[in-house]
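These are my notebook entries on one structure. I set down what I looked up and the criteria that I applied.

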Amino acid sequence: MDREISKKEKLRERRKSILRYSMMLVGVCVFLSVVISFMKDDVSLDCLEFCTIDKGNVDVSVSASGVLSPVYEQIVTAPINTKIIEVYAKTGDFVKEGSPLLMLDLQSAQTDYNNMVDKVKMKGYELEQQRLSNNTFLSDLKMKIKVADMEYNRMLVEAGNEKFLDSIGSGTTDKVKEVQFMCKSKELGLQQLRTQYENESKERAAGYKIKELELSILKKELNEMKRTLNDAQIRAPRSASLIFISNQIGAQVAQGSQVAVIADLKHFKIIGEVAESYANRVKVGNNVRARINGTDYEGVVSNIEPTAKNGVTGFSVQLDNDSLTLFRPGLKTDVYISDGVKENAMRIKNASFYKEPGTYMLYVRNGDELELRQVELGVSNYDYVEVVRGLHVGEQVVLNDMSRYNAPKLKIKY
């Protein structure tokens, strides 16, 4: 027979049920809290770099890259086809102006030079021979002209005498005509000799000038060969550092090939490249700040290449202080070319995340959390980036590269 459950037992059972369900509810809440905490990313405060938005001027600049290059650099080339006999210096040496660098084989060049000396002498003798021959011929022709002139004058006198004799009846008309004919013949002969003398003088003078020009050309060739021989004894064109030299004795070198390079390693310029899309903002005279190993150097754009290659335009920068004795050619530099000023603009520090004007996703601090926000950034320089929209003065932005985080919110761990 069933007995009736007392009210006290019912109350006890009810309390047990409530306690059991309460424990289950607490467990579920704890579980959900743990899951949520694991789903929410945390980031350590010590790993974050913040920048506070402020207002100020932004010197608009174009970012470019460059390398250090000596202000003075000269390539020394081989003046002839020859081979290296001796080497007097090595790469890295400081050489004084006129000091020998290389000795090249000059035997063949010396033989050619000696042959040219003989040709010049022979041409000089031919020129002297031509001069003497011209003088002799023209002197003989002058003498013939004098003789013909004397004969012509004699015939004029004889014609006058015959006319007189004919007028007094002692001569004849035929004799007068004969003498007049002879006189005319002598006159024509004299004119012919004078014309011949004039033509021969011009012709022989022209021939002599041709010989003079031939001698002059040979002398120039001789001087060039002499200069080539002197250059073949490779010497430093000025006091500078030797940054390259062909040091393999016996090696063949072609005419015009590079055998040495010297440069002044105390004074440098920057050879830069800028993207073709920004080339129209780069002008000669623009102020430049170059960052080399963390140190900034001022300068100006001194030259711009007229054509673009592979999507970039080259330019040169003349530094205000180019005495960079601690650096070496080829050292890479960051170059910022000034292109105006934006006044009273919202700005943040320039950091690695910034590439060019456009839209960026940045984390903004809000108490103990970081909120992901879409931000539009504008022009920049080496220090600051213009904030167009998405941020307000006084807010703090994370400058670190946060691309590995995708959460809309991050908790800051202290």
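I looked up phenylalanine 353 and found it buried, because its relative accessible area is 14%. For this term I took buried as under 20% relative accessible area, exposed as over 50% and partly exposed as in between, with a 1.4 Å probe and protein chains only.

Basis of the entries. I am working on a predicted model, in which local features need pLDDT of at least 70 and side-chain atom pairs count only at pLDDT 80 or more, while totals for chains, interfaces and linings use all residues. Residues are numbered from 1 along each chain as its sequence is written, and side-chain values use heavy atoms, with hydrogens and water left out.

Phenylalanine 353 and tyrosine 360 form an edge-to-face pair, at 6.1 Å centre to centre and 75° between the planes. The rings of tyrosine 354 and tyrosine 360 are stacked, because their centres are 5.9 Å apart and their planes stand at 25°. I noted Phe353, Tyr354 and Tyr360 as a cluster linked by ring pairs. Tyrosine 354 and tyrosine 360 are both buried, and for tyrosine 360 the relative accessible area is 14%.

I required NZ of Lys or CZ of Arg within 6 Å of the ring centre and within 35 degrees of the ring normal. The charged end of arginine 238 lies over the ring of tyrosine 72, 4.0 Å from the ring centre. For arginine 365 I found the charged end over the ring of phenylalanine 50, at 5.1 Å from the centre.

How many disulfides (pairs of cysteine sulfur atoms within 2.5 Å) does a search of the whole structure find? I recorded zero. For cysteine 47, the nearest cysteine sulfur is that of cysteine 51, 19 Å away. Cysteine 47 is exposed at 52% relative accessible area, whereas cysteine 183 is buried at 8%.

I took strands as DSSP runs of E of at least two residues, numbered from the N terminus, and paired two strands if DSSP finds at least two bridges between them. Three strands form an open antiparallel sheet in the order E7-E5-E9. E7 (102-104) and E9 (252-253) each have a single partner strand, so one side of each is left without a neighbour in the sheet. Strand E5 (residues 82-87) is joined to E7 by three bridges, and valine 87 stands opposite leucine 102 in E7.

Definitions and conventions
Disulfide = S-S within 2.5 Å. Helix = DSSP H or I, 4+ residues; strand = E, 2+ residues; numbered from the N terminus. Phe/Tyr/Trp six-rings, centres within 6.5 Å; stacked < 30°, edge-to-face > 60°.
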